[in-house]
There are 2 protein chains.
Amino acid sequence: MTIENNIFIGNKPVMNYVLAVVTQINEGETEINIRARGRAISRAVDVAEIVKNRFVPGSEIGEIKTQTEEIRNPDGRTTNVSSIIIPIIKNQTNFKDF
Amino acid sequence: MTIENNIFIGNKPVMNYVLAVVTQINEGETEINIRARGRAISRAVDVAEIVKNRFVPGSEIGEIKTQTEEIRNPDGRTTNVSSIIIPIIKNQTNFKDF
């Protein structure tokens, strides 16, 4: 579970991404990075909040990071776009230990 | 400068908010909270990144927090909306000390 685990947020409905995160946590992942650029950043925050508050009790949002990325357009110009990384952390409880 | 200093991001152009933040820092504020809800969250990240990278050398983004807020519609129903707080921190150097 040491491989960095990213879910990229695009233009699909929020619940699609929530389901993707919850599925990975149920498969045993302990840290998932929700990533987004530009306008999808708002949706990324929605995904993180919904996962934390409604679907995965005991999960937490880790240290959120923002960046500026340079994107080259087809016409050769570059534009800057903001991006965000929101880590969802869930310390798994192994019930077999009880 | 101990009073919490908030700038709320709405639907105006990004540079309006950048100017507001830069003005407050130039007036001696050392910490400014950029706040936004819903779709304005993406714009809040833009504001923070532009201030940090282009206008205020030595400024940093602090611990970003997200929340879910309940909003009551005029028809009585409540909806949930995500919100973000992005602290911009600038340790002021007092050049008179040199």
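**Entry 1: the largest pocket.** I sorted the lining of the largest pocket by class and found four nonpolar, five polar and seven charged residues. In this sorting, Ala, Val, Leu, Ile, Met, Phe, Trp, Tyr, Cys and Pro are nonpolar, Asp, Glu, Lys and Arg are charged, and the others, Gly among them, are polar. The model is a predicted one, in which local features need pLDDT of at least 70 and side-chain atom pairs count only at pLDDT 80 or more, while totals for chains, interfaces and linings use all residues. Residues are numbered from 1 along each chain as its sequence is written, chains are lettered from A in the order in which they are written, and side-chain values use heavy atoms, without hydrogens and water.

I noted 16 lining residues for this largest pocket; Arg39(A), Ser42(A), Arg39(B), Ala40(B) and Ser42(B) lie nearest its centre. A pocket is an open set of points on a 1 Å grid over the protein atoms alone, where a 1.4 Å probe fits, with protein on both sides within 12 Å along at least five of seven lines; lining residues have an atom within 4 Å of a point.

**Entry 2: the helices.** I then looked up H2 (40–55) of chain A and H2 (40–55) of chain B, each of which supplies at least two residues of that lining. Helices are DSSP runs of H or I with at least four residues, numbered from the N terminus. Ile41(A), Ser42(A) and Val45(A) of H2(A) are in contact with Ile41(B), Ser42(B) and Val45(B) of H2(B), where contact means heavy atoms within 4.5 Å.
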